[in-house]
Amino acid sequence: MASAAGDGGGSVPPQTTKVEACSVPEAVTPGFMTIKECVGGISAALKNPMVRFLREKMDQAGCPVWPLLIQAVNCNHASGGYNGGRGITVCCNQMRYQDMIEQVLIHELIHAYDDCVGKNIDWKNCGHHACSEIRANHLSGNCHYKREMLKGFLKIRGHEPECVKRRALLSVKQNPNCSDTAAKDAIEAVWDICYNDTRPFDRAP
Ligand SMILES: [Zn+2]
């Protein structure tokens with residue numbers, strides 16, 4: 001999920017990042033977080049080493065804007081989102097554990113990083129969007145076997161790339177500029193380059 005221009009990061013203390021709760025009616029499903037729990041979880045997640053690393057790298061890459069606004073909201077489908085103009089959203093009513101918040105933040109920060117370093121990134125371009133989704137799903141550990149097992153997917157050899165592809169496709173298909181076929185083609189076209197592009201990490205964490 002992504003769109004528009006650049007956002008930035010920096011080596012500032014976590015507490016200076018603005019975490020904001022949107023004023024939506026609280027319809028809490030048992031087992032999921034309230035907005036209040038979620039805001040606390042986001043603040044804690046800003047201390048996650050990978051989150052801090054990404055922010056530092058964005059700072060070094062010269063992205064001017066931080067604090068990046070992180071909004072705690074309730075959503076219908078997605079678990080989070082990134083919008084260059086508005087920052088990152090975490091969908092609290094989809095969050096069960098602290099680990100999920102950290103996953104969302106890292107995933108969306110990869111989009112923000114791509115926005116920052118890929119100067120002319122065009123989120124309406126299915127190939128550009130596909131590339132960032134492949135990287136975000138691969139590098140965030142969204143497809144690590146422990147998480148996949150929790151969701152009932154069995155660990156088999158070669159499963160990680162399959163999972164990355166499946167999740168990337170779901171996101172690109174939601175881009176109004178990309179039909180199902182265009183999304184699929186875009187992912188295949190950029191797969192090798194983008195799956196192997198592990199910046200700013202030396203290798204996939
Ligand atoms: Zn995404």
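Student: What ground rules apply to the model and its numbering?
Tutor: Residues are numbered from 1 along each chain as its sequence is written. The model is predicted: local features need pLDDT of at least 70, side-chain atom pairs count only at pLDDT 80 or more, and totals for chains, interfaces and linings use all residues.

Student: What makes up the secondary structure of the protein?
Tutor: Seven helices and four strands. These are DSSP runs, numbered from the N terminus: helices are H or I with at least four residues, strands are E with at least two. Along the sequence the pattern reads β-α-α-β-β-β-α-α-α-α-α.

Student: Why are α1 and α3 called oblique to each other?
Tutor: Helix α1 (residues 35-45) and helix α3 (residues 98-117) pack at about 60 degrees, with axes 9 Å apart. Axes are lines fitted to C-alpha atoms, for helices over the stretch in contact, and angles run from 0 to 180 degrees between N-to-C directions. Angles under 35 degrees count as roughly parallel, over 145 as roughly antiparallel, 65 to 115 as roughly perpendicular, and the rest as oblique. The α1 and α3 pair is therefore oblique.

Student: Which hand does the crossing of α1 and α3 have?
Tutor: Right-handed. That term applies if the near helix is turned clockwise from the far one by less than a right angle, and left-handed applies if anticlockwise.

Student: Which residues of α1 and α3 meet?
Tutor: C38, G41, I42, A44 and A45 in α1 meet Q98, I101, E102 and L105 in α3. Contact requires C-beta atoms, placed from the backbone, within 7 Å. The residues of this contact divide into six nonpolar, two polar and one charged. Ala, Val, Leu, Ile, Met, Phe, Trp, Tyr, Cys and Pro count as nonpolar; Asp, Glu, Lys and Arg as charged; the others, Gly among them, as polar.

Student: What makes α2 and α3 roughly parallel?
Tutor: Helix α2 (residues 49-60) packs with α3 at about 10 degrees, with axes 10 Å apart. The α2 and α3 pair is therefore roughly parallel. M50, V51, L54, K57 and M58 in α2 meet α3 residues including L105, L109 and Y113. The contact of α2 with α3 has ten nonpolar, no polar and two charged residues.

Student: Why is A44 called partly exposed?
Tutor: A44 has 13 other C-beta atoms within 10 Å. A residue is buried with 20 or more such neighbours, exposed with 12 or fewer, and partly exposed in between. A44 is therefore partly exposed. A44 sits in α1. Its C-alpha atom is 9.5 Å from that of I101, 57 residues apart along the chain.

Student: Why does I88 count as buried?
Tutor: I88 has 24 C-beta neighbours inside 10 Å, so I88 counts as buried. I88 lies in strand β4. I88 and A112 are 24 residues apart in sequence and 8.5 Å apart in space, C-alpha to C-alpha.

Student: Why is β4 described as largely enclosed?
Tutor: Five of the five residues of strand β4 (residues 87-91) are buried, so β4 is largely enclosed by the rest of the structure. Across the protein, 41% of the 205 residues count as buried.

Student: How do you know that β4 pairs with β2 and with β3?
Tutor: Pairing needs at least two DSSP bridges. Four bridges join strand β2 (residues 70-73) to β4, in parallel. V73 stands opposite C91 there. Strand β3 (residues 80-83) pairs with β4 over four bridges, in the antiparallel sense. Y82 has I88 as its bridge partner.

Technical notes
Contact = placed C-beta atoms within 7 Å.
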